[in-house]
Amino acid sequence: MDSSKLTLSEEDALKAQIFGCWSIPLGLPYNEDLLVRIKLKLRPDGTLIKTEILDHARMNMPGQGFFRVLAESALRAIQLCQPLKVPTSGYERWKDLQLNFDAREMLGG
Amino acid sequence: MKIIKLLTGICIFFLSYTSNSFSLIEVDITRGNLNPLPIAVSPLSQNNKTKKIFQNKLNLDDLGLEISKVIENNLKQSGLFNPLSKDAFLQKPDIAHLKPRFEDWSLIKAQALITGKVLIENDKLKVEFRLWDVLAAREMLALSFTTVPNNWRRVGHIITDKVYERLTGEKGYFDTRIIYVSEEGPKTQRVKKLAIMDQDGFNIKYLTLGNELVLTPRFNPTNQMVTYLSYFRNLPRVYLLDIETGIQEVVGDFPGMTFAPRFSPDGKKIIMSFAKDGNSDIYTMDIENRIVERITNHPSIDTSPSYSPNGKHITFNSDRSGYQQIYVMKSDGSNVKRISFGKGIYGTPVWSPRGDLIAFTKLHKGKFYIGVMRTDGKGERLLTENFYQEAPSWAPNGRVIIFYRETKTNKEGEGFSAKLWSIDLTGYNERLVETETDASDPSWSSLLSN
């Protein structure tokens with residue numbers, strides 16, 4: 001097993017939890033390239049120490065309103081979900097996590 | 001040699017250990033829930049003195065509460081938000097406006113919160129409001145404005161527009177009006193009047209008396225003027241009406257069948273179709289000098305023209321291919337291209353204010369559809385199907401479409417009705433738009449507070 005990854009069942013449990021917490025902003029355009037990457041630092045119990053939006057500069061750029069809306073919704077989902085359903089062991093492995101939020105599939109369907 | 005091998009091995013071990021210890025686990029989140037966002041709209045607070053002044057001036061018990069209800073209703077109608085019941089609110093409006101106790105709002109599942117305050121200053125209504133992100137425990141937006149007290153419903157609409165824009169990333173459409181044809185009486189003897197109302201159905205005004213048949217009212221870009229078609233002694237006339245003053249003027253009598261006058265995006269021209277020598281083509285008329293210019297010249301029937309928002313193109317429908325289809329051309333009439341190729345008959349094309357889509361009515365196998373397609377005709381999507389519906393008109397943000405729908409009569413000819421409906425661009429959130437009377441031919445204004 002690649003120790004740098006979550007197992008499929010660990011990943012599925014985390015995904016399922018966040019799917020339930022993430023209210024996708026229904027007004028977002030489905031045809032724009034919108035991907036928000038958020039880096040998390042976690043405690044062993046799955047609560048948050050820190051969140052960091054990669055591409056944070058886009059949050060305040062003119063014309064990036066949709067990115068900001070998506071990023072804020074993703075942050076709300078993480079807050080709402082915590083403590084995250086993380087594995088019971090191997091803290092060193094997952095204490096830093098990156099979540100990539102992509103709403104295109106849902107909005108374009 | 002052994003030592004070199006050992007050292008190399010140690011290096012590889014450390015490199016791989018280092019890389020493992022720093023490699024970041026990534027998880028792709030591609031699904032979520034599409035439930036409307038839970039939002040709490042706290043009544044706007046006011047002190048007792050202000051409350052009494054508003055009670056006297058506006059005959060309203062609690063103006064702050066009434067404004068919050070306008071906002072709540074707008075947000076709910078949009079289909080994107082779920083305003084939470086005020087009965088569950090734990091914090092008083094005045095305290096919440098200063099500093100919300102986020103845990104209280106989080107407890108009732110609110111993800112966003114609107115608070116505010118109303119006061120009277122020099123006989124003017126002053127309103128402050130704030131939008132809060134409950135889960136991030138921070139302010140997202142704070143604004144204030146001053147207006148005359150009678151404008152309090154518009155204040156609710158303007159606040160909704162600001163909140164909507166901040167939370168969805170696109171402009172709102174709440175501080176707008178809808179003009180339509182009000183209809184009363186039996187189907188064979190309908191009395192039709194021009195009527196105008198706020199987009200939420202309040203403040204209805206009738207602009208004509210109902211003596212003459214009126215059709216297809218359309219706003220100009222500044223919202224002050226409306227063009228429409230009326231029959232005088234059985235002759236179609238194109239009128240201009242100033243909504244504020246009520247002053248009306250005849251733009252012209254045109255021969256034969258005249259259809260669907262509509263403004264150009266700069267408001268300087270009216271584009272329409274009329275029949276000259278038995279042939280229906282598209283014409284523009286300069287409002288100032290009344291010079292008429294022919295845009296299409298084809299033996300087929302060309303009608304229902306609508307400009308692109310930049311004024312460079314026109315979409316219209318024509319039966320030049322044998323059946324009525326949608327076409328796009330340059331605004332001088334050149335470079336005509338057919339864009340609809342699906343089964344059925346297409347009509348009433350209207351260019352979206354965003355410029356990316358054209359809304360239309362389609363008739364196929366006895367059913368009427370309201371749909372959208374891209375301006376090159378690709379990506380056709382049918383949003384709603386019914387017995388009879390037509391005349392789509394876009395909300396100014398290009399996200400919602402209003403149209404009208406007629407019901408079937410029974411064998412005795414009873415049960416006929418015509419109502420306004422709205423639908424979201426995604427095909428969700430189909431809603432009846434309440435009007436006092438039956439209604440048809442709606443046209444949505446641009447934002448009043450632009």
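Reader: Which order do the strands of the open sheet of 4 strands in chain B have?

Author: This is a predicted model, where local features need pLDDT of at least 70, side-chain atom pairs count only at pLDDT 80 or more, and totals for chains, interfaces and linings use all residues. Residues are numbered from 1 along each chain as its sequence is written, while chains are lettered from A and ligands numbered from 1 in the order in which they are written. Strands here are DSSP runs of E with at least two residues, helices are runs of H or I with at least four, and both are numbered from the N terminus. The pairing in this open sheet is antiparallel, and the order is β26-β27-β28-β29.

Reader: Which are the edge strands of that sheet?

Author: Two strands count as paired if DSSP finds at least two bridges between them. An edge strand pairs on one side only, and that picks out β26 (388-394) and β29 (431-433) of chain B.

Reader: Which residue stands opposite B:Val433 in β29(B)?

Author: The neighbour to look at is β28 (418-424) of chain B, which runs antiparallel to β29(B) and is joined to β29(B) by 3 bridges. The residue opposite B:Val433 is B:Leu420.

Reader: Over to the two chains: how many residues does the contact take from chain B and from chain A?

Author: Residues are in contact if their C-beta atoms, placed from the backbone, lie within 7 Å. Counted like that, chain A gives 38 residues and chain B gives 25.

Reader: Which element gives the largest share of the side of chain B that touches chain A?

Author: Both β1 (25-29) and α6 (152-168) of chain B supply at least two residues of that side. With 5 residues, the largest share comes from β1(B).

Reader: Why is α3(B) called oblique to α6(B)?

Author: Helix α3 of chain B (residues 63-78) packs against α6(B) with the axes 9 Å apart and at an angle of about 45°. Axes are lines fitted to C-alpha atoms, for helices over the stretch in contact, and angles run from 0 to 180 degrees between N-to-C directions. Under 35 degrees would be roughly parallel, over 145 roughly antiparallel and 65 to 115 roughly perpendicular, with the rest oblique. So the angle makes α3(B) relative to α6(B) oblique.

Reader: How many nonpolar, polar and charged residues does the contact of α3(B) with α6(B) have?

Author: Among the residues that meet are B:Leu63, B:Ile67 and B:Val70 in α3(B), and B:Trp152, B:Val155 and B:Ile159 in α6(B). Ala, Val, Leu, Ile, Met, Phe, Trp, Tyr, Cys and Pro count as nonpolar, Asp, Glu, Lys and Arg as charged, and the others, Gly among them, as polar. The tally is 9 nonpolar, 5 polar and 2 charged.

Reader: What separates the centres of domain 1 and domain 2 of chain B?

Author: The bounds, from an automatic or database domain assignment, are 37-168 for domain 1 and 177-444 for domain 2. Their contact takes 5 residues from domain 1 and 7 residues from domain 2. Taken over C-alpha atoms, the centres are separated by 36 Å.

Reader: Where does A:Pro83 lie?

Author: A cis peptide bond, with omega about 5°, joins A:Gln82 to A:Pro83. A:Pro83 is in the loop between α2 (65-81) and α3 (91-94) of chain A.
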